[in-house]
Amino acid sequence: MELTERIRNDLLKLPTGNIADNNNTVSNQGVMDTGIKPVSPKMKMIGRAYTAKCYPGDNLALHQAIYGAQPGDVLVLDLNGYSEAGHFGDIMATACKLRGLAGVVIDGSCRDSEDIRELGFPVFSRGFNPSGTVKESLAKLNIPVSCGGVQVNPGDIIFGDCDGVVVIPQNVEDEVFEKACKKYEHEKEIIRELESGKTTLEIYKFDELIKSKT
């Protein structure tokens, strides 16, 4: 699937929950662990993964990755969950935005969070830490990595919002998004039924389920 601007905008209307519910070919539905959170709850992103295996406490590799990725990509940075240094800050976020990247996911920590919020560039990280880093180690670029407990392969689709981040493997992306879009439309119909006076017990036939269990 080519992620054109129109397709990106259409898919970004979906919540991550709809994506996860239909992403059943991977463990835990491809959902990164709850430690990976957006710098701002308003941040949403979708793009193909450009991965980097980085050395904890060192951010030279992150600079490499920024300029290896292509516009529309999401940087996925594997730092082994190390959160005792601020690997990524506002200058790097600005560089990513100017490069046209779609977002960044860091299994590690970042800093300058308030400036990143104001910039509006989507950054998802394990935490925040103002400590500095060294610039010594090179990255291993565009290889399979682990981020938030999920294996991420180059080119996988990375989808993030206020609830977290989901990784969609390339070989099932069309099927996942087709089903997610159908579920999104179905849930809008459920809301209309609720607004018309029905209950969730009626709509989902939970009243019958509850009766069968009593």
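Which residue meets R6 in a salt bridge, side chain to side chain? The partner is D10, with 3.1 Å from N to O, where a salt bridge is a side-chain nitrogen of Lys or Arg within 4 Å of a carboxyl oxygen of Asp or Glu. The model is a predicted one, in which local features need pLDDT of at least 70 and side-chain atom pairs count only at pLDDT 80 or more, while totals for chains, interfaces and linings use all residues. Residues are numbered from 1 along each chain as its sequence is written, and side-chain values use heavy atoms, with hydrogens and water left out.

**Salt bridges**

The structure holds 13 salt bridges, and three of these pairs are set out below.

| Pair | N to O distance | Relative accessible area |
|---|---|---|
| R6 and D10 | 3.1 Å | R6 58%; D10 33% |
| R126 and D33 | 2.9 Å | R126 27%; D33 30% |
| K182 and E178 | 3.6 Å | K182 55%; E178 48% |

Side chains of opposite charge can pair when their charged atoms come close. R126 forms a salt bridge with D33, and this pair links distant parts of the chain, with R126 in strand β5 (residues 123–128) and D33 in the loop between α2 and β1 (37–38), 93 residues apart. Helices (H or I, at least four residues) and strands (E, at least two) are DSSP runs, numbered from the N terminus. R6 and D10 are four residues apart in helix α1, and are therefore separated by about one helical turn; the two residues are also linked with K13 in a network of salt bridges. In helix α6, K182 and E178 are likewise four residues apart, which places about one helical turn between them. With buried meaning under 20% relative accessible area, exposed over 50% and partly exposed in between (1.4 Å probe, protein chains only), K182 counts as exposed, whereas E178 counts as partly exposed.

In helix α3 (residues 60–68), the residues A61, L62, A65 and I66 are buried. Seen down the axis of α3, its buried residues fall within an arc of 145 degrees, so they line one face of the helix; the arc is that of the directions from the helix axis to the C-beta atoms. These buried residues of α3 pack against β2 (45–53), β3 (73–82), α4 (90–99) and β6 (140–141), contact meaning heavy atoms within 4.5 Å.

Helix α6 (residues 173–195) has 23 residues, which at 1.5 Å a residue should span 33 Å, and its end C-alpha atoms are 33 Å apart, in agreement; the expected span is 1.5 Å times one less than the number of residues. E173, V176, F177, A180, I190 and E193 are the buried residues of α6, and their packing partners include α1 (5–11), α2 (16–21), β9 (157–161) and α7 (200–203). After α6 comes G197, whose phi is positive, near 120 degrees.

**A nonpolar surface patch**

On the surface, L201, Y204, F206, L209 and I210 form a nonpolar patch with about 440 Å² of accessible area together. Patches are made of residues with over 30% relative accessible area and no salt bridge, like charges being joined within 9 Å and nonpolar side chains (Val, Leu, Ile, Met, Phe, Trp, Tyr) within 5 Å. Helix α8 (residues 206–213) gives the most to this patch, with three residues. I210 has its place in helix α8 and is partly exposed, with a relative accessible area of 46%.

Notes:
Accessible areas come from the Shrake-Rupley method with a 1.4 Å probe; for residues, only the protein chains shown count as cover.
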